[in-house]
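Good morning, colleagues. Please look at the sequence and the structure on the screen, and I shall then take you through the fold and the ligand site.

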Amino acid sequence: MKFSIVGMGRVGSAIAFAATMEPIVSELWLINRSIEKAEGDAMDLTHASVLRNSNMTIQAGMVEDSAGSDVIVFTPSVSPTRADWKRQDLAIGNRDILEQWLPRLAELSPNAVLIMVTNPVDVMTYAAIRLTGFPPQRVIGTGTLVDSIRYRSLLSNELKIHADDIRAYILGEHGDDQFAAYSVAMTGGEKFFPSETARRLFRETVNLGYEVYNRKGYTNYGIALATMTIVDSIVYDLRHTMPVSVLVDGFLGVKDVCLSLPAVIGREGVTRILHPPLSDDEAEAFRNCAAKVRDTIDLLEQ
Ligand SMILES: NC(=O)c1ccc[n+]([C@@H]2O[C@H](COP(=O)([O-])OP(=O)(O)OC[C@H]3O[C@@H](n4cnc5c(N)ncnc54)[C@H](O)[C@@H]3O)[C@@H](O)[C@H]2O)c1
């Protein structure tokens, strides 16, 4: 199985490290606009992999070397230009990067499952479907998976229950309008919402990405393992359910926009989109996310 990571910035190289720690493919390719950086990472990770009981090859390459990939993760991005940036600020610059890379990547690996990490990830996932011509089920945005693991981490700490056992999703936009799907959250079959604590923890979750960013200047470890959770489920056809950005299929009257819903992930990408019975408030929040993401898509398509 061939896995290519495009973009060896802080997120791309953290994903490459996570893939080295858990070598589940036979070939790992690191593709970057500057080959030297990719070569340096490939050498470093090859040395590291000696300690991982692995025969996975790790190589640096140009876009042509990604040909025949089964899974591609896309991370290149422009940098924020102001201190109080929002993810949408990256949309125009990153749309241009997608236009440079995605048609060729898709041509070289027509059967790949593509995972979009570049922000604003919902808008970029939508653009990626257009630019690759891939069926929507083979284009997955990391979406609110990282927000949901942050939320579960806070809840775990509060409830003193292992985060694995907490079914709680942040849905909608990977951005400021995301919402916690309180009404379907549970552990051990027991609903623990609504409660003021859960709402407070959700409010903390929304800002956590920026909180990490304000302290270290970027986020990379959470998104790296979140991305590898998706890759795992594809490579082993595990059919795990997770909130990821998908082309919404008419749920709650929303379509033609990418947002996070719980989705089943297997070898072919998204094998099923789930439709949780959201409360009226949550449904309204979902529609609000759709309108916000649609505004940015429209801006890019002008
Ligand atoms: N979806 C999520 O949950 C999530 C989480 C964290 C970060 N991100 C996003 O991931 C992206 C990458 O973040 P990062 O911290 O690695 O950024 P970074 O600045 O460290 O890396 C960006 C990389 O993109 C490359 N690049 C820039 N322009 C390019 C071009 N025209 N062609 C090819 N490569 C180009 C740069 O060389 C650099 O290697 C950002 O958009 C960030 O917001 C998403």
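What percentage of the contacts in the chain with a separation of 6 or more comes from residues 24 or more positions apart? The figure is 70%. Please bear in mind throughout that this is a predicted model.

Let me continue with the overall dimensions. The chain has 302 residues and a radius of gyration of 18 Å; a compact globule with that number of residues would have a value near 19 Å, so the two agree. Along the principal axes, the C-alpha atoms occupy a box of roughly 50 × 50 × 40 Å. As for burial, 46% of the 302 residues count as buried.

I turn to secondary structure. The chain contains eight helices and 14 strands. UniProt, in an unreviewed entry, lists residues 1–141 as "domain: Lactate/malate dehydrogenase N-terminal". In the model, this span is 40% helix and 18% strand, and 21 Å separates its end C-alpha atoms.

Next, the ligand. How many residues surround the ligand? There are 26, and the closest are Gly9, Val11, Pro76, Ser77 and Asn119. By residue class, the shell comprises eleven nonpolar, 13 polar and two charged residues. Two helices, α1 (10–21) and α3 (91–108), each contribute at least two residues to this shell. Which element supplies the largest share of the shell? That is α1, with three residues.

β7, β10 and β11 form an open sheet of three strands, in the order β7-β10-β11, with antiparallel pairing. At its edges are β7 (166–167) and β11 (190–191), each of which pairs on one side only. Two bridges join β7 to β10, residues 186–187, in the antiparallel sense. Within this pairing, arginine 167 has methionine 186 in β10 as its bridge partner.

The other pairing I wish to show is between β13, residues 255–266, and β14, residues 269–273. How many bridges do these two strands share, and in which sense do they pair? They pair over four bridges, in the antiparallel sense. Together β13 and β14 form a hairpin, with two residues between them. If you wish to locate the pairing on the screen, look for valine 264, which stands opposite arginine 272 in β14.

Thank you for your attention.

Technical notes
Residues are numbered from 1 along each chain as its sequence is written. This is a predicted model: local features need pLDDT of at least 70, side-chain atom pairs count only at pLDDT 80 or more; totals for chains, interfaces and linings use all residues. UniProt positions are given in the numbering used here, feature names are shortened, and annotations may be inferred rather than shown by experiment. A residue is near a molecule or strand if its C-beta atom, placed from the backbone, lies within 6 Å of it. Ala, Val, Leu, Ile, Met, Phe, Trp, Tyr, Cys and Pro count as nonpolar, Asp, Glu, Lys and Arg as charged, and the others, Gly among them, as polar. The radius of gyration is taken over C-alpha atoms; the globule rule is 2.2 Å times the number of residues to the power 0.38. A residue is buried if 20 or more other C-beta atoms lie within 10 Å of its own, exposed if 12 or fewer, and partly exposed in between; C-beta atoms are placed from the backbone. Two residues are in contact if their C-beta atoms, placed from the backbone, lie within 7 Å. Two strands pair if DSSP finds at least two bridges between them.
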